[in-house]
Amino acid sequence: MINLYALTHAQLRDLLLELGEKPFRVRQIWSWMYGRRVEDFAAMRNLPSATRAKIMEVAKLGELTVAAQQVSRDGTVKRVYRLRDGQFIESVLMPYADGRMTACLSSQAGCAMGCVFCATGQMGFSRNLTPTEIFEQAMLFARELAARGERLSNVVFMGMGEPFHNYEASLAAVRMLMRRLGIGARHITISTVGLAPQIRRFADEGLQVKLAVSLHKSDDAERSQLLPVNRRWDIEALLDACRYYGARTNRRISFEWAAIAGENDTVDEARRLGRLLQGMNCHINIIPLNPTGGYTGIPADSRHIEAFQAILRSFGLASTVRLRRGIDIAAGCGQLKTALLLPEARAGSTIPAMPKEARPQP
Ligand code: SAH
Ligand code: SF4
């Protein structure tokens, strides 16, 4: 079976011509798939039933299957997908009170970067995802939302995997999100652990896509303990690449800071970080550590975080604390891990309806 989501417009045309269909059907089917976002061929009402039958014999709409799903009290949906070869990946959908709907996508099955506090890092690397496998995670959310009159508005590459370790596929998926789902570049964020050469390459793409960089530590020896990738590209190499990105794109970088009690939430750390980033066009996104099985650290408390932010402010650096989403279902940053599929997670695969007022504020 051919996955139609994997085809370009030209490839879809070739397929339809092969099936003896008229060229104008391409436009019709394309618009059912990506404009109306229907879930099956039966919904493509302006196609003759013979045409539909012919297509259904050789093609399908999507090939990710929902292996498990859990819904958090805050409306966050965590979904485990089974890939064609039996690998599992996870995607998260986060509704917000202002109507925003953000999908968090995986770019790899597992991750090779080995960050010690991250559940994905703890499980190791299986393989890269294809552009279609990345895109389809968003596509499936988008079409379920469309069925009830809602729109997928934002995408973040913050699920399993390091998007810049699968650079081409991640960028190809970004372009599919933009062209097919009409998600503006400014509503897409790629988060990287700090692969300096790819940050430079990304700067040269001429895209308006946002960049987030996982910093977490301001001292090389300590950062290498938490993020082994730092041994390859240290803080200076990383920030050089970030400055290049800033100069090249004029865009603000966001630095992620997983705040760990006693580890990177101290006054000294804040001052060192302040000196490091002073004058840069950036923003610091503080994420209180989410617990994972393989790491004993605990989240920084709000008192320490506030003091930390005050010091950053004195260096002219703006920061925010990221809302923790889906913690009760282990869908928070760095918690995605497929080893455990709780029994209650196997129920239904649809996105539950939740009134906008009940959703968290952005
Ligand atoms: N590989 C990319 C993107 C996926 S991780 C990256 O590392 O940037 C998305 C974010 O979650 C990163 O900033 C990552 O450092 C952070 N993260 C990982 N584990 C975490 C944890 N246990 N608690 C809080 N944030 C975590
Ligand atoms: Fe990979 Fe990002 Fe997790 Fe590090 S934090 S192991 S780079 S997914």
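A salt bridge here means a side-chain nitrogen of Lys or Arg within 4 Å of a carboxyl oxygen of Asp or Glu. This is a predicted model, and by that rule the count comes to 19 salt bridges. Here's a quick look at some of them.

**Arg 201 and Glu 168**
- Arg 201 pairs up with Glu 168 in a salt bridge, with 2.6 Å between the closest N and O atoms.
- This one links distant parts of the chain: Arg 201 sits in helix α7 (residues 196-203) and Glu 168 in helix α6 (residues 167-181), 33 residues apart.
- Arg 201 is partly exposed at 38% relative accessible area, while Glu 168 is exposed at 53%.

**Arg 79 and Glu 144**
- The side chains of Arg 79 and Glu 144 also meet in a salt bridge, 2.9 Å from N to O.
- Arg 79 belongs to strand β4 (residues 77-82) and Glu 144 to helix α5 (residues 131-147), so the pair ties together parts that are 65 residues apart in sequence.
- Both ends are tucked away: Arg 79 is buried, with 0% relative accessibility, and Glu 144 is buried too, with a relative accessible area of 17%.

- Glu 269 bridges to Arg 272, the closest N and O atoms being 3.2 Å apart.
- These two are about one helical turn apart, because they sit three residues from each other in helix α10 (residues 267-277).
- Glu 269 is buried at 2% relative accessibility, whereas Arg 272 is partly exposed at 26%.
- Lys 217 and Glu 222 join Glu 269 and Arg 272 in a network of salt bridges.

Key. Residues are numbered from 1 along each chain as its sequence is written. Chains are lettered from A and ligands numbered from 1 in the order in which they are written. This is a predicted model: local features need pLDDT of at least 70, side-chain atom pairs count only at pLDDT 80 or more; totals for chains, interfaces and linings use all residues. Side-chain values use heavy atoms; hydrogens and water are left out. Helices (H or I, at least four residues) and strands (E, at least two) are DSSP runs, numbered from the N terminus. Buried means under 20% relative accessible area, exposed over 50%, partly exposed in between (1.4 Å probe, protein chains only).
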